[in-house]
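Here is a short tour of some backbone details worth a look. Please open the model and follow along.

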Amino acid sequence: MSVLTRDEAQTRAQFLDVQRYRIELDLTTGGEDTFESRTVIHFTAHTAGDTFVEVKPATLRSVTLDGQPLDPEGLTENRLALTGLAAGPHELHVDAVMNYSHTGEGLHRFTDPADGETYTYTQLFMEDVQRVFAAFDQPDLKAAFDLTVKAPDGWKVLANGITEQQDDGRWKAATTPLISTYLVALAAGPWHTVTTEHAGLPFGLHCRRSLAPHLDADADELFDITRQCYDRYHEKFDEPYPFDSYDQAFVPEFNAGAMENPGLVTFRDEFIYRSAVTDTERQTRAMVIAHEMAHMWFGDLVTLQWWDDIWLNESFAEYMGYQTLTEATRFTDTWVDFGIARKAWGYDADQRPTTHPVAPAPDAVPDTASAMLNFDGISYAKGASALRQLVAWLGEKDFLAGINTHFNRHKFANATLADFIDSLASATDRDVHAWAQQWLGTTGVDTLTPTVTEADGQWHLTVTQHGERPHRLTIGAYDRDLSDDRHLTLREHFDIDIPQGAPTTRPGPRPALLVLNDQDLTYAKVRLDETSAETARRSLSGVPDALTRAVLWNTLRDMVRDGQLPPTAYLETARAHLAEEADLAVVQGVLTFAATQITDRYLPADQRPAALTLLTGLTRDLMRRTEDGTNPGLRLTAVRHFIDAAAQPDTIRGWLDEGSVPGGPELDPELRWRILTRLAVLGATDETEIAAALTADPSATGEEGAARCRAALPTPTAKETAWTAMFQRDTLSNYLFTATAQGFWQPEQADLLQPYVARYYQDAVALAARRGPAIAEAAGRYAFPTPVIDAAAVHLGETCLDRTDLLPALRRKLADQVDDLRRALSVRG
């Protein structure tokens, strides 16, 4: 397939304007494999010349340009040349048969094993619109779209605009405003729907019928969050919501968390909870709602001109999602979760060889294939952190004034980083252009290290900076509580600018704990002076503010990763303090790092049993703390992590047989499959029990759970069967591939798995070439031999990266994974 280059896109944008698409899809023919697609494109050529249109058909049946037929054999890969165009208006007709997808790209088709109902939905991001209809597929050729869909009886069709069923059974969507091709959306199937109206607009929630009771149970909460965010954005933004409705469809086997299609946001339907979840997980769902709604303005109303500015979409929506959720909903501590979980994603990505600036240079994103590699912790978490720092430096009033100027200047059009910075600069006297270069045009994480001295009734702070960015940050000075020296009290907060604001002298004795970046307003790794380090290890749970505790836990995390703190010291600190932690996001973040990184990767195999024992002891502490039922979310978190850390099957086998954990909770499907997966890893279950569990839960998540369990069984036959399914048969959907991969690699099974390490690099490359970017990304993320950490594994990975035939999506994932192997070896050393 030919990928679109930046130069080609610029040339085409200068050559033509696109006014309108008329798209007719027929989902009633072709059975389970294909559908019909007819497209009419109205466009204008500014001069005489040549161009091309993109389409990826199963069969290209006919093409006419201005009434004259073109030879369908002229399609080369995904491009159809349009030659000899005269200056002026043109009309292109394309009639094609298209393939359904089972990898979450294009028009994805899914049949629900729970009831046999079938659903389809689009994910057209970057260049997948070509899998559904012919298009001039680049973000700066916006157009109006008219969509008509013929669907089976009993189906409902959702789209960017309000849809109506016609007399002939077809569904017609309202004409869109000017939007980019990648934002066109369709979801068709026998959806279960809940509706309301707000601010004169219809709001809808949609899911598979088998999930109807679970959506109904949460519909009020989902609508409340949607209304609260909608109202808050209208307080922030001068431009009103620009579309005619707001539908949120929870769709199966979705590759991302959600997609910001105007008027029809699609979410992965794991957000319709079948089983118990914590309030932090509900907060995450609410943040995704807020994030996607922010895109209606930043991304949909004003769209990037080329993919080097993807951060403008994602960083803005990420920052605005967390901030608006904090301001407008019951989730008032969202920045704690961002700091302990999301921000760590950005720090990790920014310290790998694959790092890139938040705003890459134009020549760094020469084509769509390279653009896909930038959807990472830098474009989301680091970019959002940079914007949060910008607001701290600029002030929210001037920041929002600049944003509203930007919307006014570029609504229903496209804009660049330079346009965005010019809009911000119009609202302030500060040098926003210099800030953008220092923050958005550079890579890496600064490190801030304090030196504290005391003399003559004063204490003196000097901050050493490894890096060159300017930072505005809050310093927190804490004293021990005289009545309980495990608890700390805040003496003062004060702000400094680095490098201008240091050194600093303050009155009084030196604090027991000094926290740089106390309110987590900047993006930097921070260190502790010796006294503060001792205080943190002794009294971390006694720090009064959850966001400060998150900053301290991140400091310890970074020190482990940088080889400055033994992994066992982190585990011991967790055992000492986590049972007293009040913020669930902090508990979840610390336990996740302790389990997936320290226990599974950073500790040598001979130290892993002791670490698992410590984790099960810690989770028992949390379970004892929650026996009174006052904190079900904390108890659920503890139960989950106890299951995952169990080194012996007896306790969790008893829970599974009894159907509940003593003192609660009752086992729901999620906990049952979690226990059964761990029993499979430990060799304490078999195919008969797995099959029975699937019979009891014949849902999509049940199928995934069974696939995960079967791949986790510690037998040569189970491993070979799973490997064949993943890498040879090409029949697994994206979700079943992921579930199988998650079960396959287990630290307890290193000897059994060793022969597959070398096989992985050959088979994954071939698989990516056959099945494309979505499966390539899954193979790099989930099917990578993560538990095998030695020099030979690193060498195999480095050798594979020397190949010239790697799909870019796989190359990026392998580069990150191999670097993580190197870091794990370094930490072990």
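Buried means under 20% relative accessible area, exposed means over 50%, and partly exposed lies in between (1.4 Å probe, protein chains only). Helices (H or I, at least four residues) and strands (E, at least two) are DSSP runs, numbered from the N terminus. This is a predicted model, in which local features need pLDDT of at least 70, side-chain atom pairs count only at pLDDT 80 or more, and totals for chains, interfaces and linings use all residues. Residues are numbered from 1 along each chain as its sequence is written, and side-chain values use heavy atoms, with hydrogens and water left out.

Most residues other than glycine have a negative phi, and most peptide bonds are trans. Here are some places to look with that in mind.

**Positive phi**

- Asp66 has a phi near 55 degrees, a positive value in a residue other than glycine.
- You will find Asp66 in the loop between strand 4 (59-65) and strand 5 (68-70), and Asp66 is partly exposed, with a relative accessible area of 39%.
- Glu253, also not a glycine, has a positive phi near 60 degrees.
- The loop between strand 18 (246-251) and strand 19 (258-259) holds Glu253, which is buried at a relative accessible area of 8%.

**Cis peptide bonds**

- Ile498 and Pro499 are joined by a cis peptide bond, with omega near 10 degrees.
- Pro499 sits in the loop between strand 26 (484-498) and strand 27 (504-507).
- From Gly664 to Pro665 the peptide bond is cis, with omega near 10 degrees.
- Pro665 belongs to the loop between helix 17 (650-658) and helix 18 (669-681).
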